[in-house]
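The description begins after the structure.

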Amino acid sequence: MALLETRSLTASYGDFQALFGVDVRLEEGQTVAIIGANGAGKTTLMRSISGVLRNALDQISFDGREIGGLSAPDVVALGVAMVPEGRKLFPSLTVEENLLIGRYGRAVEGFWSLETIYEMFPILKERRNNPGTALSGGQQQMVAIGRALMSNPRVLLCDELSLGLAPVVIKDIYAAFPKIKASGASIIIVEQDIGQALKVADQVYCMMEGRITLSGKPSEISREQIHAAYFGAH
Ligand code: ATP
């Protein structure tokens, strides 16, 4: 049984349907990458899983129970945490306070604590008393990842970590992934940087216009297949 699974997942914004029957499986310990062009529905998929969008009754299961229809706080409390697109730090709070916020939703002891997050991202320890917004984009992304990890999630959802960051910073952020994996978390990333996605993922899904158009292990799918699944065959 998959740790987390969507089954024929649909989602709409009012009259506009954004997802048309999306099936994604995340096995325990795996990293799944969702790739696709702007507007393909990747963020909508993440919002549906995390309970931010609540129109997915009976379409999402986590650890054997139905979570479609639960609220975002309930989903976090069960152990599914999200690093949202755009980081969404609390501007009036310091780095450390932003990290501690992650504990409120799920105060579960585990590998992740202020100490282990500061060990993984030492720059955050140096800046712990600075307002989150005084940091560079890459450092803010580290805070957003740390905040989600503070709940010691079983599943970490990461939406477009590399958005707006320089390649060298993206590399720094992804350098943390082996450690996050080793902590036991299973991971779903949404990523426009295909190279990065293929590097970290055990399983890749490509989305176009609200549907999965390709899935497989990175070693099994070719660049040509990805191109066709991404932009459509012309
Ligand atoms: P991006 O890389 O731009 O974030 P995406 O693959 O994450 O793209 P979504 O943000 O999930 O795509 O958007 C899927 C579709 O839903 C798009 O056509 C988008 O315009 C539409 N959409 C997204 N959010 C809303 C909203 N709040 N109201 C109406 N339509 C929306």
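## Packing of H3 against H6

In this predicted model, the axes of helices H3 and H6 cross at roughly 35 degrees and come within 6 Å. The handedness of the H3 and H6 crossing is right-handed.

On the H3 side, the contact is made by Val95, Asn98, Leu99, Ile101 and Gly102, which meet Val143, Gly146 and Arg147 of H6. By class, the residues of this contact are four nonpolar, three polar and one charged.

## The largest pocket

The largest pocket holds about 510 Å³ of space. Its lining is made up of 19 residues, and those nearest the centre are Val76, Ala81, Met82, Ile101 and Arg147.

Four elements each contribute at least two residues to the lining of the largest pocket: helix H2 (72-78), strand S6 (80-83), helix H3 (95-104) and helix H6 (137-149). H2 supplies the most, with four residues. The lining of the largest pocket divides by class into 13 nonpolar, four polar and two charged residues.

## The second largest pocket

About 190 Å³ of space lies in the second largest pocket. It is lined by 16 residues, and Asn38, Gly39, Ala40, Gly41 and Lys42 are the closest to its centre. Strand S2 (16-26) and helix H1 (42-50) are the elements that give two or more residues to this lining.

S2 provides the largest share of the lining of the second largest pocket, four residues. The class make-up of the lining of the second largest pocket is four nonpolar, eight polar and four charged residues.

## The enclosed cavity

How many cavities of 30 Å³ or more does the model have? The count comes to one. The space in the largest cavity is about 30 Å³.

Twelve residues line the largest cavity, with Ser48, Gly51, Ile67, Gly68 and Gly69 nearest its centre. Of the lining residues of the largest cavity, seven are nonpolar, four are polar and one is charged.

## Threonine 31

Threonine 31 lies in strand S3, which spans residues 31-35. Is threonine 31 buried or exposed? Threonine 31 counts as buried because its relative accessibility is 0%, and the cut-off for buried is under 20%.

Residues up to four places away in sequence aside, threonine 31 touches Lys181, Ile187, Val200, Ala201, Asp202 and Gln203.

## Glutamine 141

Glutamine 141 belongs to helix H6, one of the elements that supply at least two residues to the lining of the largest pocket. Its relative accessibility is 2%, so glutamine 141 counts as buried.

Which residues is glutamine 141 in contact with, leaving aside its neighbours within four places in sequence? The contacts of glutamine 141 are Val83, Arg87, Glu160, Leu161, Leu165 and Ile173.

Conventions: Residues numbered from 1 in each chain as written. Predicted model: local features only at pLDDT ≥ 70, side-chain atom pairs only at ≥ 80, totals over all residues. Heavy atoms only, no water. 1 Å grid on protein atoms, 1.4 Å probe; cavity = no way out; pocket = protein on both sides within 12 Å on 5 of 7 lines; lining within 4 Å. Points joined across faces, edges and corners; volume = space filled by probe spheres on them. Nonpolar A, V, L, I, M, F, W, Y, C, P; charged D, E, K, R; others polar. Axes fitted to C-alpha atoms, helices over the stretch in contact; angles between N-to-C directions. Left-handed = near helix turned anticlockwise from the far one by under 90°. Contact = heavy atoms within 4.5 Å. Buried < 20%, exposed > 50% of the residue type's maximum accessible area, 1.4 Å probe, protein only.
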